[in-house]
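Thanks, everyone. I will take the contact between the chains, then one chain by itself.

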Amino acid sequence: MKNLTYLVLGGLFGLILTKSEVVSWWRIQEMFRFQSFHMYGVIGSAILVGLVSVQLIKRNRLKSLNGETITLADKKYNHGTWIGGTVFGLGWALTGACPGPMFAQLGSGVAGAAVLILAALAGTWTYSALREKLPH
Amino acid sequence: MLEILRQPWPWYVAGPLIGLTVPALLLVGNKALGISSSLRHVCAACVPANIPFLTYNWRSEAWNLFFVLGIGLGGFLGYQVLGHPDTVAISAETVRDLQAQMGLTDFSGLLPRELFAPENLMNWKGWVFLVLGGFLVGFGTRYAGGCTSGHAISGLSNLQWVSLVAVVGFFAGGLLMTWVFYPLLF
């Protein structure tokens, strides 16, 4: 039942990503070429709304529906943050997709997205296998 | 109404709605928005191969997989059910640049078919754009500990400086690919 809620929230998220064309390679290229405000507007306003919401939740020590006090873990820095971040950026400009949009693309009927997801899984698996040998 | 839903949504509608996903997940179940973790969970579920990083109770993170499944359904609803214009209305400058620099001619669809159609796996383009591109996304997001959702939206919403470093990396990589490597490829 609980998981159904996440399915619905994911559905809304995927719908918004698709209707705003964030899942489009064309939009990502336009962004990296600084030729439109669209993507910057989407990401910027998303962060702004997220920021205000998170601060309100934290200040009021709100509880979630399952009764837990809402906590957000701090993210820890290691060199992977920027090395991995740059590696992802290279892939983002090639595929025009972050992980979320790949799934939305597949749902929207883009056959190539299945290859993208399999390749991304291979990338995650390879990182996991090499993790102890990589600089962090 | 349906006609409005069919048209592409402007950034000032979509951005705030994406931002609201962060408090929605927190309020529903104390979950932090982050999508690239789902790739790790799938690896842990299907091919753990005794790798320590893939040996954990992925079932306790099942919500994340349902969320991702939902994203796929949302893509279907948004594109196939509601419908969407066939061509993404990018700026004329971008169209001109992509024609001149990459030789693209077909501007229909969410992604250029000339690069992403599966039959491109028969030539170098498919291997670079589909296979290498996807691999770098999966490898890089896990190495960085998150993607656009986990770092840029969720992380920056919680004022995490680590996420800011990651986002600078995302853009550095993207700019490097677009401005340095693309001209070498074409």
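**The interface, then chain B**

Between chain A and chain B, about 10200 Å² is buried, and carbon and sulfur atoms give 75% of that; buried area here is the accessible area, with a 1.4 Å probe, that two parts lose on being put together, summed over both. On the chain A side, the residues that lose the most area to chain B are A:Lys19, A:Trp26 and A:Leu94, together 9% of what that side buries.

This is a predicted model, where local features need pLDDT of at least 70, side-chain atom pairs count only at pLDDT 80 or more, and totals for chains, interfaces and linings use all residues. Residues are numbered from 1 along each chain as its sequence is written, chains are lettered from A and ligands numbered from 1 in the order written, and side-chain values use heavy atoms, without hydrogens and water.

By residue, 108 from chain A and 129 from chain B take part in the contact, meaning heavy atoms within 4.5 Å. How many salt bridges cross the interface of chain A and chain B? The rule finds zero, with a salt bridge being a side-chain nitrogen of Lys or Arg within 4 Å of a carboxyl oxygen of Asp or Glu.

Now chain B. Chain B has nine helices and zero strands, taken as DSSP runs (H or I, at least four residues, for helices; E, at least two, for strands) numbered from the N terminus. Its C-alpha atoms fill a box of roughly 50 × 45 × 35 Å along the principal axes. In chain B, of the contacts with a separation of 6 or more, 44% are between residues 24 or more positions apart.
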